[in-house]
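Open the structure in your viewer and keep the selection panel at hand.

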Amino acid sequence: MAKYYQPEIETASREEIIAIQNEKIRKQVKHVYENVAYYRDLMDKQGVKPEDIQTIDDIKKLPFLTKSDLRDAYPYGLLGTDLKNCVRIQSTSGTTGKRVVAFYTQQDIELWEECCARAIVAVGGNEDDVCQVCYGYGLFTGGPGLNGGSHKVGCLTLPMSSGNTDRQIQFMMDLGATILCCTPSYAAYIGESLKEKGYKPEDNKLKAGIFGAEPWTEEMRHNIEESLGIKAYDIYGLTETSGPGVSFECEEQTGMHINEDHFYAEIIDPETGEVLPEGEVGELVFTSLDKEAFPLLRYRTRDLCVLSRKPCSCGRTHVKMSKPMGRSDDMLIIRGVNVFPSQIETVLLNEGFTPNYQIIVDRVNNTDTIDINIELAPEKYSDRIKDIQAMEKGLEAAMRTMLGIGPKVHLVAPKTIVRSEGKAVRVIDNRKLH
Ligand code: DLL
């Protein structure tokens, strides 16, 4: 059985990868300079010409692009080719500000789907598999990306899209789905729903899940692996760079291999913009090395993570990124202390609670407050107020140790926190409304 989708590139030597990147970056910078007036202006302002970029190391000379550039250039300002060469757009959910609209030529779609195919083969996928895709289809990149990857691998693809959990379960069981693709929060919900219907983990045929699009912890991974009886793998990507498949986990499950023949990754200090050495935590910056329609150079993702080039037992040579530890813009600063929702999730699951929680931040009399609503599993539910209060006190103490500040914990009845079918809404920050 094939272990890699494209072995020659996925296991290429470092010299070969650098050679590919050197060649592609020269072409790509020229392509962008000639076709994207917005970026040409940024380069001119910085005094850099395409000839200054000869090797991938020269990339440091190029200006960064940020979300606010995307907003300024919306919708067509960063297009790298004539509209007549574009065949598709995808877009973000755009809960704040303008949506990101990304464009694709047919070639861009082929390469994107190949990246997703690599991710599916890495979890053991092949033409015998039944791949159930319950990421949203439509503007969101999750459904279309994994759908395309699943076709390329030759799996029988179930294009379910998100939602309608009863129907998801019916297809999963009737058609014997072996690979599940969705957000980790939805995977947890499917696991919970299967249990409620009386299924045991061994009753389904699933062997692996490809879960991403939102942050999730190692504790959440164990929880999903147990409830579905599978191995749960991470996948990362963003609309700006194409969608899922920028990086993906292999059997080692210790970070995600970045498809370095298509995306060049840097880690920078988010304050100064300085490039940080391997192993340091910072903001992930991506350069698309061969995208035609939406060729972003040095795009700041705001995702915080670490890169590692330690050899991987799977044989892939591409650099690995850690799970994003949060986004520089969804880190909560509460009474001056930095708090990531992932720290809260870790405490909850370690203490044996459900991954159904919501964090509410507010400001009362000029002081930040943090409340966490946590749903009780039916077996922990009690109508004795004393029992509930004792559990709340225990969790508050564990949170204080992890976070360095004391949140107020409220245990709520089973099934009272809304489940997500796509990306979960974990934080409600009412301070922004003031
Ligand atoms: O979420 C693309 C995607 C679809 C990835 C399906 C994986 C699976 P956007 O909606 O543009 O694209 O959101 C991108 O989501 O900058 C991260 O902050 C976050 N994100 C994506 N994957 C992960 C992950 C898709 N595995 C933003 N872990 C990114 C943590 C993730 N955060």
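Predicted model: local features only at pLDDT ≥ 70, side-chain atom pairs only at ≥ 80, totals over all residues.

## Stop one: the ligand

Select the ligand and what lies around it: 20 residues surround the ligand, and the closest are D234, I235, T239, D303 and R327. Residues are numbered from 1 along each chain as its sequence is written, and side-chain values use heavy atoms, with hydrogens and water left out.

Colour this shell by class: 9 residues are nonpolar, 6 polar and 5 charged. Ala, Val, Leu, Ile, Met, Phe, Trp, Tyr, Cys and Pro count as nonpolar, Asp, Glu, Lys and Arg as charged, and the others, Gly among them, as polar.

Next, select strand β7 (residues 231–238), which gives the largest share of the shell, 5 residues. Strands are DSSP runs of E with at least two residues, and helices are runs of H or I with at least four, numbered from the N terminus.

Now show D303, where a side-chain N or O atom is 2.6 Å from an oxygen atom of the ligand. At A213, a backbone N or O atom lies 3.1 Å from a ligand nitrogen atom.

## Stop two: around L62

Select L62. Leaving aside neighbours within four places in sequence, L62 is in contact (heavy atoms within 4.5 Å) with V29, Y39, M43, Q46, V48, I53, L297 and R298.

Technical notes:
Near = heavy atom within 4 Å. Polar contact = N/O pair within 3.5 Å; in protein donor to acceptor, adjacent residues only side chain to side chain.
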